[in-house]
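The dialogue below takes one feature at a time.

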Amino acid sequence: MYSDLAYLIVGLPVLAFVLCLFIGRHLPRGGGFLTALATFGSLIISLGIFTETYPSGIVHQSMLWFDNFDIGILIDPLALVMLLMVTFVVTLIHTYANGYMNGDPGADRYFAEAALFTAAMLGLIYSDNLLQLFIFWELVGLCSYLLIGFWYRKPSAAAAAKKAFLTTRVGDVMFLAAIILLYNNLASLNIVLKPGEYLLQFPVIYAHLTQIPPAQLTLIALGLLGGAVGKSGQFPLHVWLPDAMEGPTTVSAMIHAATMVTAGVYLVARMFPLFYAAPYGLTAVAAVGAFTALFAATMGLTAFDIKRVLAFSTVSQLGFMMAGLGTGAAVGAMAVGVAMFHLIGHSFFKALLFLCAGSVIHAVNTNDMREMGGVGKYMKWTMYTMLIGSLSLAGFPLFTGFFSKDEIIVIAYEYGVAINFLPYIFLVLAAVLTAIYTFRMWFTVFTGKERSDYGKHESPSIMIIPLVILAIFAFGFGLAAQGGFYTYLDSNFEHYDVNFNELAAIGGHATEEPKLAGEPATEPSASEAGEGSEAESEAEPAEPWYIQILPIIVALGGILIASLFYFDKVKKFDPSQVTGEKDPLRKLLLKGYYQHEIMTAWFSETIVYGTALICNMIDIKLVDGWLNWFSSVVMGFAQNVRKVQSGVVQNYITALVLGVVVLVVVITMAKEVGLI
Amino acid sequence: MIPLELYILLASIMFTIGLYGLVTQKNGVKLMMCIELLLNSANINLVAFSAYQPNVNGQVFALFSIALAAAEAGVGFAIMIALYRLYGTIDLDTIKAMRW
């Protein structure tokens, strides 16, 4: 019954979008309750579908769009957990936004755009073919542009919106190229499609992966990775993410926790068989992810803007997810479950952290942590919920982040044993830094004494209630869902005609790592779920005990370091002294490795702009110049010739008579000479 | 009998005078007169050839031509009067509403 309503998961937010857009300004709070209710409706439907299909079952509906393409809905375990997470977190964010955006003159516009954003993300998740996914992918990009630039009168917000749009566009072009390549390859296979099957549908793609040449697979995988890198803010296209903080904090929470940035990870997870089959595909994913995780974490250490700290943390955590997916080269399809678990858990505690930050900003009216301090005295609820979020992010034992991040580090170790230890080292270092910067932020904001005169009040309860709900999930989700989640997601690819053993042979994984990657797939698919989880539980004790407990030590150590450094310090904190301009390392981190200087000031403005100037000059002087010269010659000629048409009949007669005379003379002379 | 050449000479002179007037004159009425000269020089030729070659066809054509000239003069002078009423002149150089 609920699966028949699947289209409403997108339909309801779209409806809310239309309503808010046209009549929002006449409704209280800009019609924000409509957006929240619509998303809540989507949540109910998703939950209904979950209860209907659990533990094994998918919803697949599709209809012809044109030619080889269809529009359709595909809800498998992978999509379903995303749907549940997005609808749940976004419902809370919308509820919170009802309080946060109260009084903003553009509230109706905000809620309309937020509803469309939600709809686009949900549509992206349960698209059943790559083309439709791409369309929603672009819609998400458009909405992020609108929302980041929500306060468009502020030049920095307008610039940040443009930056986000253009940066992700770089990735999207690669994504589109990958789709075209994939389509070409599939079309050239002359697949006989059954009724209801279309090219570019995920099941069809999975089923025919083995027939595509490996070199093409690698190209496609790299293109898809390019798209994911742009959307998920991985190095080197991460530059837009910290700037995206210019929007309202609820937008940051939405972009960073539930929607948008998770789309890239989701894409890689969705196309995991392709990445698995493509030689070097997953290696690239792991390299990008692990590097980004550490790179962003170091920048998070020095940022002063509370939202920028969280933004760098998001980039870093997304790196963890990517690296987790990348380690699939060693551990097979279970990497999807591990990465998705971190994605879901991360969305809970990151949404919580952003909303807490929003609550603090709402009261203090600044993003600068140097002007906060001692906020905890006045905002007890916010302080404790944010503590839960921070503990979860830092990976404190028994919190959600502990289970998910721990698992990624462990499979990174397996990847290390099988292939390369670099991602593992990077991830462990990043985990230490995560704990440090998280608690640096928490101590700086909530403890110590007030460093400026700010509003000393707690936020309204419409903002606190979502915080509490999210805090419960940020704490309990990992503990509660740990085992079942993996089993559920490991069953994801059983619904399709995909043989990981063959794919591993193409991708070159089986030969390098026979014990883990191949194993679950060697048995015919009959009981793969059991096999998969067994292989996983067998694999885990294979690690030495110190690998098992290392993440705990890392998290505790990080928190300890942060408290040593900051807990005492903030009591006698003097903002004027901690600018960090003198210390070269601090300065390097504070400036974000001079990325702005290198990428914007140097690369964009010098190289790209310079090249554009030269091209412009060639265009104007050479291409246009030749054309303009030619046309001016023609026009000048015509300008002179048109005077012949004087309109004076007498001139015509004169010409006529002269013509006759000339003719007569010529003919006479010709006769004389004897030509005629 | 007057030689045929003289008729042709007369006709040529008349035609040349008419043509010259048509090209040089600005006055509308003078132009009409020049056109009459052109037509009549042709008529002289028609009648002369007709007389020298025992065949009345040429004279019949001359009659038609005279009728045509009369009609043309009627229409032409009507236009001239209309122009004069509109512009107060029949100097064709000053009437240039439809040309540049």
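What follows is a set of questions and answers about helices and contacts in this predicted model.

Q: Where does H6(A) bend?
A: The bend is at A:Val170 and amounts to about 30°.

Q: How do the axes of helix H1 and helix H4 of chain A cross?
A: A crossing angle over 145 degrees counts as roughly antiparallel. The axes of H1 (residues 7-23) and H4 (residues 107-125) of chain A cross at roughly 160° and come within 8 Å. H1(A) is therefore roughly antiparallel to H4(A). Their crossing is left-handed.

Q: Which residues of H1(A) meet H4(A)?
A: An α-helix has 3.6 residues a turn, so residues three or four places apart point the same way. On the H1(A) side, the residues in contact include A:Ile9, A:Pro13, A:Phe17 and A:Leu21. Among their partners in H4(A) are A:Asp108, A:Phe111, A:Ala115 and A:Leu122. By class, this contact has 14 nonpolar, 2 polar and 1 charged residues.

Q: Are H8(A) and H13(A) roughly parallel or roughly antiparallel?
A: Angles under 35 degrees count as roughly parallel. Helix H8 (residues 214-231) and helix H13 (residues 281-300) of chain A pack at about 25°, with their axes 9 Å apart. This makes H8(A) roughly parallel to H13(A). H8(A) passes H13(A) in a right-handed crossing. A:Thr218, A:Ala221, A:Leu222, A:Leu225 and A:Val229 of H8(A) make the contact with A:Gly281, A:Ala284, A:Val285 and A:Val288 of H13(A). These residues divide into 7 nonpolar, 2 polar and no charged.

Q: What classes of residue make up the contact of H10(A) with H14(A)?
A: Begin with the geometry. The axes of H10 (residues 249-258) and H14 (residues 306-326) of chain A come within 11 Å and cross at roughly 10°, so the two helices are roughly parallel to each other. A:Thr249, A:Ser252 and A:His256 in H10(A) meet A:Lys307, A:Leu310, A:Ala311 and A:Thr314 in H14(A). The classes are 2 nonpolar, 4 polar and 1 charged.

Q: How many residues of chain B are in contact with chain A?
A: The count is 5 residues of chain B, which are in contact with 5 residues of chain A. The chain B side has 4 nonpolar, no polar and 1 charged.

Methods: Residues numbered from 1 in each chain as written. Chains lettered and ligands numbered in written order. Predicted model: local features only at pLDDT ≥ 70, side-chain atom pairs only at ≥ 80, totals over all residues. Contact = placed C-beta atoms within 7 Å. Nonpolar A, V, L, I, M, F, W, Y, C, P; charged D, E, K, R; others polar. Bend = angle between axes of the 7 residues up to and from the residue. Helix = DSSP H or I, 4+ residues; strand = E, 2+ residues; numbered from the N terminus. Axes fitted to C-alpha atoms, helices over the stretch in contact; angles between N-to-C directions. Parallel < 35°, antiparallel > 145°, perpendicular 65-115°, else oblique. Left-handed = near helix turned anticlockwise from the far one by under 90°.
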